Amino acid sequence: MKQRKVLFLGPPGAGKGTQAKEVSAQFELAHISTGDMLRAEMGSGSALGQEVKSVVEAGNLVSDELMIAIVKERIAQADCVNGYILDGFPRTVVQAEELGKIASLDMAIEIHVDDEKLVERITQRRSCAQCHAISSAKNVSGDTCPNCGGTLLQREDDKEETVRNRLKVYHEQTQPLIDYYKQRGLLRSVDGDRPINVVRDEIAALLETL
Ligand code: AMP
């Protein structure tokens, strides 16, 4: 299998995590979601989890230093041998610059969705406490996971007020990365406001070109 090092860029709710899950298995890539890693720390009650909890729950960004340390360690692990998909990192220009010092990326894929659509999507988002599958409250009645029967929960930072702050933080701090990667000839953009399988096929076709 060819090695591919890519990142998914885009606002919260654009489908980065969903698409990374879809294509990482197909291309044998590690799916590195910094948000999932932080939530796992928070769930375990570790010192790190306690340190970041209030920042994450308010929809603000955890420090660049900490995030860079976490990702450095993660991309050195054995399951990254064929490469990886970075989902949710980098989120600032400083993070992108530091990443550039330790890894040479092959592609940055921007998944674009308009803000108004995102607020609706994210506030409807539920994740299963048991199997971690994501579903939409729009398609499920009650709080039972259609995948495994577990209980569906809403992320604390998926509540509307926090979502609006996360979008503001995205536009201020992360959106500049679109130009950053464009200037380096690495940026590709896909329209994320289409069915999951359509977006997946387009992303898979981009990965095939590497
Ligand atoms: P996500 O699941 O990617 O939406 O991330 C959830 C939250 O984790 C974000 O709103 C931030 O508080 C934090 N987070 C995740 N990745 C990063 C990052 N690269 N830099 C700073 N904070 C992050």
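**Strands, a helix and a ligand**

Student: Over how many bridges do β1 and β4 pair?
Tutor: Helices (H or I, at least four residues) and strands (E, at least two) are DSSP runs numbered from the N terminus, and two strands count as paired if DSSP finds at least two bridges between them. β1 and β4 pair in the parallel sense, and the number of bridges is four.

Student: Before we go further, which pLDDT do side-chain atom pairs need in order to count?
Tutor: Residues are numbered from 1 along each chain as its sequence is written, and side-chain values use heavy atoms, with hydrogens and water left out. This is a predicted model, in which totals for chains, interfaces and linings use all residues, local features need pLDDT of at least 70, and side-chain atom pairs count only at pLDDT 80 or more.

Student: Which strands are at the edges of the sheet?
Tutor: The open sheet has five strands with parallel pairing, in the order β2-β3-β1-β4-β8. Two of them pair on one side only, and these edge strands are β2 (30-33) and β8.

Student: Which residue of β8 is the bridge partner of Glu110?
Tutor: β4 and β8 run parallel and are joined by five bridges. His112 stands opposite Asp191 in β8, while the partner of Glu110 in β8 is Ser189.

Student: How many of the six residues of β4 are buried?
Tutor: Buried means under 20% relative accessible area, exposed means over 50%, and partly exposed lies in between, with a 1.4 Å probe and protein chains only. β4 is largely enclosed by the rest of the structure, because the number of its six residues that are buried is five.

Student: Which residues of helix α8 are exposed on the face turned away from its buried side?
Tutor: In α8 (residues 176-183), the buried residues are Leu177, Ile178, Tyr180 and Tyr181. They lie on the same side of α8 because they cover an arc of only 160 degrees around the axis, the arc being that of the directions from the helix axis to the C-beta atoms. The face turned away from this buried side carries the exposed residues Lys182 and Gln183.

Student: At about what angle to β1 does α8 run?
Tutor: Counting contact as heavy atoms within 4.5 Å, the buried residues of α8 pack against β1 (4-9), α5 (93-102), β4 (107-112), α7 (160-174) and β8 (187-191). Axes are lines fitted to C-alpha atoms, for helices over the stretch in contact, and angles run from 0 to 180 degrees between N-to-C directions. α8 lies across β1, β4 and β8, and its angle to β1 is about 145 degrees.

Student: How far does a polar side-chain atom of Arg166 lie from an oxygen atom of the ligand?
Tutor: The ligand is surrounded by 16 residues, each with a heavy atom within 4 Å of it, and the closest are Thr34, Arg39, Asn60, Gly88 and Gln95. A polar side-chain atom of Thr34 lies 2.8 Å from a ligand nitrogen atom, and a backbone N or O atom of Asn60 lies 2.5 Å from a ligand oxygen atom. For the polar side-chain atom of Arg166, the distance to a ligand oxygen atom is 3.2 Å.

Definitions and conventions: A polar contact is a pair of N or O atoms within 3.5 Å; within protein, one must be able to donate a hydrogen and the other to accept it, and residues adjacent in sequence count only if both atoms are side-chain atoms.
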